[in-house]
Amino acid sequence: MNEEEDFKMRFNQILIEEMGKQFELEPLPLDPAFKAQHPENDKSVFIESDYLDCPKTAGIRTGQLDLKGSMLIHFGNVPPAQDYDIPILGYTFVYANKCLIVVLDLLPVARNKDYMDFYLASLKEIPLKYDWIPRVEGSREEVAEWAKPYDSGYSIYRWCDKEYLPAMENAFRDYIHVFCDCIKKAKPLTDPEKCSRRNTHMERYISDYLEKDVGGAPLKNHFGKEWGKRYMEEFFFSP
């Protein structure tokens, strides 16, 4: 960063470290164009990504985007494998203009009480644990309207001062630990109705995020619309 050269974010590393303590993670094939990339004729903008195999998931997908030293973004998506309905771990952490923006949730694949109790009962107390972190005056405090059907109700959506980075790292660890518990107790889906519900939800989730999520805008702006579209469709939100 230009003004804060010693400032570092470790959210992607924390994810891999914490999940690696509980599961065997193995690298998955990733298009070299997605693994690391500079825009043509602009070496000050850089993106690097990782793709790791993890049991019962469709792979850990993480990205780190440094925009000309003025903005640093860590983002990740861990969807369930085809035969499972575990929640989707999704996050974005943005450092810009001395502000830390946090979007963190375990997005349920079903909304019924049995599902929520089974997977997410232990999640509900975590956002309350970090509610003391002051919000930046005038900042947004909830996800976009179109994304609310996917929200667990226990997400952290916060704009705060960068001094609260360590607290947000701890919050991230708490969400990861709940996510790991979800993976451990998940069983393969055998009920046709649950399988159909899971598949329909995932198709709608992927479609809505590809079409409406503003997170892809920096990629398209800096790397071109075609590359940004391919990154989102072929890697980050691929089934």
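D208 lies in helix α6 (residues 192-212); helices are DSSP runs of H or I with at least four residues, numbered from the N terminus. In this predicted model, local features need pLDDT of at least 70, side-chain atom pairs count only at pLDDT 80 or more, and totals for chains, interfaces and linings use all residues. Residues are numbered from 1 along each chain as its sequence is written, and side-chain values use heavy atoms, without hydrogens and water. D208 counts as buried because its relative accessibility is 15%, where buried means under 20% relative accessible area (1.4 Å probe, protein chains only). Residues up to four places away in sequence aside, D208 touches W146, Y150 and D213. Contact here means heavy atoms within 4.5 Å.

Helix α1 (residues 11-20) packs with helix α5 (residues 165-185): their axes come within 10 Å and cross at roughly 35°. Axes are lines fitted to C-alpha atoms over the stretch in contact, with angles from 0 to 180 degrees between N-to-C directions. The contact involves F11, I14, L15, E18 and M19 of α1.

The largest nonpolar core holds 80 residues. Such a core is a set of buried Ala, Val, Leu, Ile, Met, Phe, Trp, Tyr and Cys residues joined through side-chain atoms within 4.5 Å. M19, L65, L104, M168, F172, Y205 and Y231 touch the most other members. Helix α5 gives the most to this core, with 12 residues. Beyond neighbours within four places in sequence, M19 is in contact with L25, C54, I60, I176, F179, C180 and I183.

Terms used
Helix = DSSP H or I, 4+ residues; strand = E, 2+ residues; numbered from the N terminus. Buried < 20%, exposed > 50% of the residue type's maximum accessible area, 1.4 Å probe, protein only.
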